[in-house]
Amino acid sequence: RLQLFPTTCYECHSARAQEVQAENVTVAEGGQAEINCKLHQYDGSIVVIQNPSRQTLFFNGTRALKDERFQLVEFTQKQVRIVLSNARLEDEGGYFCQLYTEDTHHQIAILTVLVPPENPLVEVKEQAVEGGEVELTCSVPRSRPAATLRWYRDRREIKGISSKQEIGKVFSITNVVRFRVERKDHSSIVTCEATHPALRGQRKQTQYVLDVQYSPTARIHPPQGVMREGDTLVLTCAVNGNPLPTDIKWSRANDSLPERALIEGEVLTIPNLSLLDNGTYVCQVANKHGRSSDQYVLVVYDPGAIVEAQTSVPYAIVGGILALLVFLVICVLIVMVWCSIRQKGSYLTHEASGLDEHGEAREAFLNGGDGHKRKEEFFI
């Protein structure tokens with residue numbers, strides 16, 4: 001049930017219009033509307049309710065038109081109230097509330113029927129391909145008044161071009177949007193949203209999942225560790241692409257695959273490896289947008305060589321650490337010797353200077369000194 005925008009009378013045709021009052025009513029298609037006729041100083045005179053075609057619905061509380069959708073729910077000295085169920089567009093118009101006394105008094109209640117939109121329809125013009133543009137069309141075939149359509153992507157509005165067409169009493173509206181797509185946009189969601197007064201703040205939404213086609217990629221997942229004679233090699237080729245390649249080709253560069261090799265789609269298995277299996281193994285995939293490949297170089301070692309390689313690694317690390325420590329010790333010794341030499345040279349220089357001062361003091365003592373010269377003290 002939807003009843004909106006009550007207003008005062010639409011039209012008055014009597015000098016004493018205050019005897020009857022009616023309110024305009026707005027209802028959504030398929031909803032329920034109430035038509036009220038308020039009476040003032042009612043004295044039991046005749047009251048007639050008529051539809052927009054001037055057919056009498058009720059005459060003094062008695063049904064006159066066989067339309068079960070109209071029900072008289074109240075008839076008092078102050079008010080006549082009828083309820084319309086399952087409102088249709090053809091029900092729209094002016095409903096007459098008439099009071100026949102010495103003078104005729106009537107007012108018109110305008111019934112407006114809104115057509116809310118259904119969930120929008122989203123269509124794509126052509127298949128989206130990476131690096132190109134996609135064109136999406138959102139449409140609502142019936143609404144009244146015309147619905148408002150908006151596009152959203154990652155919660156951000158994207159602008160489209162809107163157009164509408166009037167078909168009888170309703171409107172058909174469309175909104176077209178175009179944007180560039182890449183492979184990362186595959187499976188992302190674009191939303192078309194419709195708003196309308198009859199929805200009373202709610203929204204009708206349709207989500208479209210982008211289908212972006214792109215060229216394939218292939219990547220071989222190698223086994224862990226070193227392969228030895230007698231081991232089993234298992235290679236998995238991880239494939240991506242849209243459409244997803246179904247034909248995966250395994251090969252060996254410049255040679256054929258071993259006869260015991262087993263291929264199960266993206267998995268290549270070679271049991272009981274030998275030195276003859278060494279080589280470059282290639283995985284190739286393709287779809288209508290391109291090709292891709294990846295390769296794995298297989299080196300099969302005998303068990304003895306692998307043990308030596310594994311045991312030599314720790315010694316090499318220890319040897320490198322020891323060499324670094326010896327180098328640091330040598331550097332420290334060189335710095336210490338250099339500092340010691342500099343300190344000793346400085347000491348000898350000060351000692352020689354002290355001997356010169358001692359000789360001058362003895363000479364002055366033997367000569368008895370000079371009375372005209374001031375005394376000088378020497379510390380030896």
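**A note on the cysteines**

1. Let's start with Cys331, which is partly exposed at a relative accessible area of 30%. That value falls in between the cut-offs of under 20% for buried and over 50% for exposed. Please keep in mind as you read that this is a predicted model.

2. How many disulfides does a search of the whole structure find? There are three. With the bonded cysteines numbered in sequence order, they pair as 1-2, 3-4, 5-6.

3. Take the link of Cys37 and Cys97, whose sulfur atoms sit 1.6 Å apart. This pair connects distant parts of the chain, 60 residues apart: Cys37 belongs to strand β3 (residues 33-39) and Cys97 to strand β9 (residues 93-100). The link is left-handed, with -45° about the S-S bond. Cys37 is buried at 1% relative accessibility, and Cys97 is buried too, at 2%.

4. Moving along, Cys138 and Cys192 form a disulfide with 1.8 Å between their sulfur atoms. Because Cys138 lies in strand β13 (residues 133-143) and Cys192 in strand β18 (residues 189-195), the bond ties together parts 54 residues apart in sequence. The torsion about its S-S bond is about -80°, so this disulfide is left-handed. Are these two cysteines, Cys138 and Cys192, buried or exposed? Both are buried.

5. Finally, look at Cys237 and Cys283, joined by a disulfide with an S to S distance of 2.0 Å. Cys237 is in strand β22 (residues 233-242) and Cys283 in strand β26 (residues 279-287), so parts 46 residues apart in sequence are tied together. This link is left-handed, at -85° about the S-S bond, and Cys237 and Cys283 are buried.

Notes. Residues are numbered from 1 along each chain as its sequence is written. This is a predicted model: local features need pLDDT of at least 70, side-chain atom pairs count only at pLDDT 80 or more; totals for chains, interfaces and linings use all residues. Side-chain values use heavy atoms; hydrogens and water are left out. A disulfide is a pair of cysteine sulfur atoms within 2.5 Å. Helices (H or I, at least four residues) and strands (E, at least two) are DSSP runs, numbered from the N terminus. Buried means under 20% relative accessible area, exposed over 50%, partly exposed in between (1.4 Å probe, protein chains only).
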